Every structure is written in structure tokens, then in C-alpha cells.
Amino acid sequence: MSWRIWHASVRRRRREVTEEIVIEPIHEDHVEGFREALDIVARERKYLVFQEAPPIEAMVSFVRDNIAAGHPHMVAVADGKVVGWCDIRRGAREAQAHCGVLGMGIIPGYRDRGLGRKLMVATIE
């Protein structure tokens, strides 16, 4: 089930290219692409505390835990490739369930188009 279908227009060498970016809840089929996107952003050493993506096994565990616990976790997919994500990990205690830690990233080339805002809105909804 897709939450948003968004068409982004990008200028590339004097021509317009329109891409469809789908924002949808993460599922296990996204894990490899999510890891690749996280690795790209982490290696920039600007936005995340990671310097590289964790091993695939840790990523599978993280995604499965998010799904099982009902933590909101959305991905942005363009042309079959994960280009961004946003997740919220709720507090572990019942009294903290209304609080969470938001994690997100968007790979270069998809930034500065409002995608981060769209991901956050979709994740919070």
C-alpha cells in the first residue's frame, strides 16, 4: 500500500526529467535498498552518527523489529531504488510511547525538493 505518489521534476542538463517517487511503509523487500541508501548518507560523514551502514543482518533485524513493534518507518522509492527513509522509534516504556526518536536520510540527487518533508509527514500520519 502506497501512502503517496509524488512526481518530481528535475533539471538535468537543460532538459526536464519527471520521476515518480513513491512513499510507502517499509517491508523486508526494501532492506537491501534501505541499507544501500543509509550507507551512502553515512559515508558522507555529515548527517548520521554512522560512518557506514551496519551489516545486512543488523538491518534486517532493525526493520523486522520496527514492523513488529509498529514503529512508523517509511521509504521513498524512485525507479525501484530506495532514495530516502524516515522512521520513528517510540520510547520503550508505556509512559514514553508518545515520544520517539526520528531518523531519516535522503541520498544526494534527491535532496532540496521537499522529499524530506513529505517523508516526515507520511511517517507521522
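The lining of the largest pocket divides into 13 nonpolar residues, one polar and two charged. The model is predicted. The pocket itself has a volume of about 290 Å³. Of its 16 lining residues, Leu38, Phe50, Phe62, Asp87 and Gly103 lie closest to the centre. Helix 1, helix 2, strand 4 and strand 5 (100–106) each give the lining at least two residues. Strand 5 makes the largest contribution, with four residues.

In soluble globular proteins, nonpolar side chains tend to be buried together. Here the largest nonpolar core holds 27 residues, and Tyr110, Leu115 and Leu119 touch the most other members. Six elements each supply at least two residues of this core: strand 2 (15–25), helix 1 (31–43), helix 2 (56–69), strand 3 (73–78), strand 4 (81–90) and helix 3 (115–124). The largest share, six residues, comes from helix 1.

Which residues does Tyr110 contact, once neighbours within four places in sequence are set aside? They are Glu19, Ile21, Ala78, Val83 and Leu115.

**Aromatic pairs**

The whole structure contains two aromatic pairs. In one of them, the ring centres of Phe34 and Trp85 are 5.5 Å apart and the planes stand at 70°, so the pair is edge-to-face. This pair joins distant parts of the chain, with Phe34 in helix 1 and Trp85 in strand 4, 51 residues apart. Phe34 counts as buried because its relative accessibility is 1%. Trp85 counts as buried too, at 3%. Ring pairs also bring in Phe62, so that Phe34, Phe62 and Trp85 form a cluster. Phe62 is also one of the residues closest to the centre of the largest pocket.

**Val41**

Val41 sits in helix 1. Its relative accessibility is 2%, so Val41 counts as buried. Leaving out residues up to four places away in sequence, Val41 touches Tyr47, Leu48, Trp85, Ile106, Ile107 and Arg111. One of these partners, Trp85, is a member of the aromatic cluster. Val41 and Ala53 are twelve residues apart in sequence, and their C-alpha atoms are 8.8 Å apart in space.

Most residues other than glycine have a negative phi. Asp79 has a positive value, near 55°. Asp112 is also positive, with phi near 60°. Where do they sit? Asp79 is in the loop between strand 3 and strand 4. Asp112 is in the loop between strand 5 and helix 3. Are they buried or exposed? Asp79 counts as exposed because its relative accessibility is 81%, over the 50% cut-off. Asp112, at 83%, counts as exposed as well.

| Residue | Relative accessibility | Class |
|---|---|---|
| Phe34 | 1% | buried |
| Trp85 | 3% | buried |
| Val41 | 2% | buried |
| Asp79 | 81% | exposed |
| Asp112 | 83% | exposed |

**Helix 1 across the model**

Phe34, in helix 1, pairs with Trp85 of strand 4.

Definitions and conventions:
Residues are numbered from 1 along each chain as its sequence is written. This is a predicted model: local features need pLDDT of at least 70, side-chain atom pairs count only at pLDDT 80 or more; totals for chains, interfaces and linings use all residues. Side-chain values use heavy atoms; hydrogens and water are left out. A nonpolar core is a set of buried Ala, Val, Leu, Ile, Met, Phe, Trp, Tyr and Cys residues joined through side-chain atoms within 4.5 Å. Buried means under 20% relative accessible area, exposed over 50%, partly exposed in between (1.4 Å probe, protein chains only). Contact means heavy atoms within 4.5 Å. On a 1 Å grid over the protein atoms alone, a cavity is a set of points where a 1.4 Å probe fits but cannot get out, and a pocket is an open set with protein on both sides within 12 Å along at least five of seven lines; lining residues have an atom within 4 Å of a point. Grid points are joined across faces, edges and corners, and a volume is the space filled by probe spheres set on the points. Ala, Val, Leu, Ile, Met, Phe, Trp, Tyr, Cys and Pro count as nonpolar, Asp, Glu, Lys and Arg as charged, and the others, Gly among them, as polar. Rings of Phe, Tyr and Trp (its six-membered ring) pair if their centres lie within 6.5 Å; planes under 30 degrees apart count as stacked, over 60 as edge-to-face and the rest as tilted.
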